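Let's take a friendly walk through a protein model together. Keep the picture open beside you as you read.

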Amino acid sequence: MATVYRETRAQGTLSAVVRCLWEDTGQAPKRIVPDGCVDLVECGNEVFVAGPDTTAWTWETPPGVRARGVRFAPGRAGGVLGLGADELRDQRVSLADLWGEEGESLADRVLSGAASLTDVVAERRAGGADREIAELIARLDDGVSRVSTALERFTTGERQLRRRFTFAVGYGPATYLRVSRFQRAIALANSAPDLASLAFSAGYADQAHLSRDCREFAGVKASEFFRARK
């Protein structure tokens, strides 16, 4: 089986809930860093949910196995999973543990080929997005330097917004802002000539600021992390 990691866009109504679909057959260990997302994963004989991360973890697909996943857009997993993303933070939880007998039955259907992960999402999807939280996520993703700037002009009180944000995303706006900025640096890494330029382009105060976040989110030096991704 050739080594491959591939992402595709979700189609139809799922595109509002799902950031991407992915599959992976790569056997080399991969460093997974925080991205503000929750994933529903099928791998080997398991179907599980990977909660929003605050630090890096290592993923390795077993030999001969094709792993598949649904990556929810930030803030949208709760409408499918039926609980706050903050309850899943830094955790990997099987469907059986999450939903009991129903989860075990759904996992069996997926593993037998009777249903896909997208079928599970479509069947379980309930309710729409929290519009204020969706707007707050968009503002934070847009490159604001401070959470206070993103919180301006909301009619809802700040304390309530922060509480709802943590429930939907898995951690508070300040952590999400840092995660979003770090993901922006990853996306820009191939076009930046050096770390100082990358830090400026991604919205960091300076290279040291980028280096501190890389240490926390990736567990390695920025020079090592971004060199390995080229």
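## The largest nonpolar core

The largest nonpolar core has 35 residues, and those touching the most other members are Leu140, Phe165, Phe182, Leu198, Leu210, Phe225 and Phe226. Here a nonpolar core is a set of buried Ala, Val, Leu, Ile, Met, Phe, Trp, Tyr and Cys residues joined through side-chain atoms within 4.5 Å, and buried means under 20% relative accessible area with a 1.4 Å probe, protein chains only. Helices that each supply at least two residues include α5 (131-141), α7 (158-169) and α10 (207-218). The largest share, 6 residues, comes from α8.

A second, separate core holds 26 residues, among them Val49, Val80, Ala107 and Val121.

## About the model

This model is predicted: local features need pLDDT of at least 70 and side-chain atom pairs pLDDT 80 or more, while totals for chains, interfaces and linings use all residues. Residues are numbered from 1 along each chain as its sequence is written, and side-chain values use heavy atoms, leaving out hydrogens and water.

## The sheet

Now look for an open sheet of 6 antiparallel strands in the order β1-β2-β7-β4-β5-β8. Its edge strands, β1 (5-8) and β8 (92-94), each pair on one side only. Helices (H or I, at least four residues) and strands (E, at least two) are DSSP runs, numbered from the N terminus, and two strands pair if DSSP finds at least two bridges between them. β1 and β2 (residues 18-24) are joined by 4 bridges, and threonine 8 has leucine 21 in β2 as its bridge partner.

Methods
Buried means under 20% relative accessible area, exposed over 50%, partly exposed in between (1.4 Å probe, protein chains only).
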